[in-house]
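Try each task before reading its solution.

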Amino acid sequence: MRPIRKTTLALATLTLLLVGCGTEAGNGKGGGGDRVSPSSPAPTPTPTPTPTATGCTTRAELGATDSGDTVCLAVGDTIRISLDGTKSRPWKPVAVDGSGLEATNSGIVLLPGDASSAYKAVSAGQVRLSSQRPLCATETGRVSCKGIQEWWVAVEVK
């Protein structure tokens, strides 16, 4: 066999092996995917919040991926915010602009850079919750940027 055919054959074999290895069903997040063994119960789907007629969702816990959402609460409901940051890219404490929410115990933040807060809906109103953190890590002697990652959520208390 000539060297070109050997290389082509090797590349084709490698491609088929990689394609064959990548066809296992999963959620793309590693850790075994959605496979269910005969002895384990079927996985329960995570409930996705459904928008109401006004376009807002009802959710008790919010994270960084919920930025820009509108959340509806009834008086007496509690909402918890947990923003996972890092020591080099810390979240600022969550700011509250508006009326209808009252701060309540959110627990203890154990990791540097995280922002955690909780609020109880006490009266009808509209509130904007917000925080921000550096877009790039700020380390002395390293290339950095002045960008800011903003997080905000609109809350309607009814």
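**Exercise 1.** In which sense do strand β3 and β6 pair, and over how many bridges?

*Solution.* A note on the model before the steps: it is predicted, so local features need pLDDT of at least 70 and side-chain atom pairs count only at pLDDT 80 or more, while totals for chains, interfaces and linings use all residues. Residues are numbered from 1 along each chain as its sequence is written, and side-chain values use heavy atoms, with hydrogens and water left out.

Step 1: find the elements, which are DSSP runs numbered from the N terminus (helices: H or I, at least four residues; strands: E, at least two). The chain has 1 helix and 8 strands, in the order α-β-β-β-β-β-β-β-β.

Step 2: apply the pairing rule, at least two DSSP bridges between two strands. β3 (residues 78–83) and β6 are antiparallel, with 6 bridges. Ile81 has Ser117 of β6 as its bridge partner.

**Exercise 2.** Which strand do 4 bridges join to β6?

*Solution.* That strand is β5 (residues 101–104), and the two run antiparallel. Thr104 bridges to Ala118 in β6.

**Exercise 3.** Is Ala121 buried or exposed?

Step 1: recall the classes: buried is under 20% relative accessible area, exposed over 50%, partly exposed in between (1.4 Å probe, protein chains only). Ala121 counts as buried because its relative accessibility is 2%.
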